[in-house]
Amino acid sequence: MTKGTAVLRQQNEKRVLAFLRKERISSRLDIARHLKISKNTVSLIVEKYIKQHIIQEVGTNETSTAGRPKIKIRIIPNSLKSVGILIQHNQGYLVVTDYYSRVIDSEIFTLDTSEPGRCLDEIGRRTAALLSKHPETLGVGVGMPGIVNPDKGFVHYSSHLGWSDVDVSQLLSLHISLPLQVMNNVKASALATLQQLETETADSTFYIRIDEGVGGAFLIRDKLHFGGSWTAGEVGHLMIDPTGPLCQCGRKGCLEALIRTKAVRQRLQQLEAAAEYSEGEASSNTGSDAHVSPWGNAVTDRNTEDKSVLIDAPLNAWEGLTPEERVYTEVGQYLSTALTHIIHLCNPKQIVIDSPYGDSEHFKQITMRLTQGNTLRFPYEHTDILFVRNRENPAVGAALSVIQNFENYE
């Protein structure tokens, strides 16, 4: 077998695994047709994996046409595994997943993140102990907040952890001999979330995650686009309100500072306390064209100049809204501004919003209504906006990145 033939065979082997991972169950003939490679080549690959106990036959699929029935095959889930690590402020999370990203083992632990060397030494030791129980593991993926170069496994800066210029891959490799993938935690979340969506793979997707911070990821098909400085999709630091609160990045009014979970909790506490103190005072400004923002500044409804863009009543009609609905109205206003910029600049086929506010119909309606009003009609109508209900752990996405890299045949 020539070198070129060997490379082609290896590429086809990875393509077969990638196809079976997504389809779960198929047949040799269907794989050959979909991947446009010969049935004989597919049969040789499948037989190899059967001998290695990676693929198994699971019955037949009767056909309406003459000929032998198709033999169904699938990947044995636990034959190939991956480990994912999530590093957060003072907390670590380890997962072992099967080839379908189902968690089969996990560990959560308190972690001192004040000193990177000691922190990564502890993670490395814990991971090595976990790997000894799962020898089928292909590699280890690490998700963490900050600006991360995934090619080198190098963290340039993480405000959440207080780290600068840390070679995560090098420090972890002292304990881990398997391939390592280090990436931003939000980008890891994007991989896990998109895999679980019951939709066709979009040509382009913009993913937004709202949590203790706000981040984003831009994907072409199902591949992450990192950009020139590995910050593509960093929606959290779009400046939405220049008079807003100070963000961790040092600027005022970033989307993260306005709608992250801590800011929303604080705003809700303010409104609930005000309502308890005086119901009359809490609603005294409802007759004006402006309302008091969470940061003590006057905020005018952006849609008041052109009422034709509003589907229902103006957003500054606060009568009858609960404190929670008021907060979600404000969050929807800020988020919709960011969505408008994303649609106009990136023109994604779909936007996926992953937030703890997704169960609130009021939040979703306000966000959609304002985005529609502020966005050019044609690109808005060609963008699907989805709200995620079941949140995925970034550690699962980090583990998935290892599997995707293993399947990479380009």
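Predicted model: local features only at pLDDT ≥ 70, side-chain atom pairs only at ≥ 80, totals over all residues.
**Stop 1: the largest pocket**

Select Ala 18, Arg 21, Lys 22, Thr 201 and Asp 222. Of the 32 lining residues, these lie nearest the centre of the largest pocket. A pocket is an open set of points on a 1 Å grid over the protein atoms alone, where a 1.4 Å probe fits, with protein on both sides within 12 Å along at least five of seven lines; lining residues have an atom within 4 Å of a point. The space here is about 1200 Å³, a volume filled by probe spheres set on the points.

Now select helix H1 (3-23). H1 gives the largest share of this lining, six residues. Helices are DSSP runs (H or I, at least four residues) and strands are E runs of at least two.

Colour the lining by class. Expect eleven nonpolar, nine polar and twelve charged residues. Asp, Glu, Lys and Arg count as charged; Ala, Val, Leu, Ile, Met, Phe, Trp, Tyr, Cys and Pro as nonpolar; the others, Gly among them, as polar.

**Stop 2: the second largest pocket**

This pocket holds about 520 Å³ of space. Select Pro 145, Gly 146, His 160, Glu 234 and Glu 256, the closest to its centre among 26 lining residues. Next, show strands E4 (81-88) and E13 (214-220) with H6; each supplies at least two lining residues. H6 gives the most, three.

Note on methods: Residues numbered from 1 in each chain as written. Heavy atoms only, no water.
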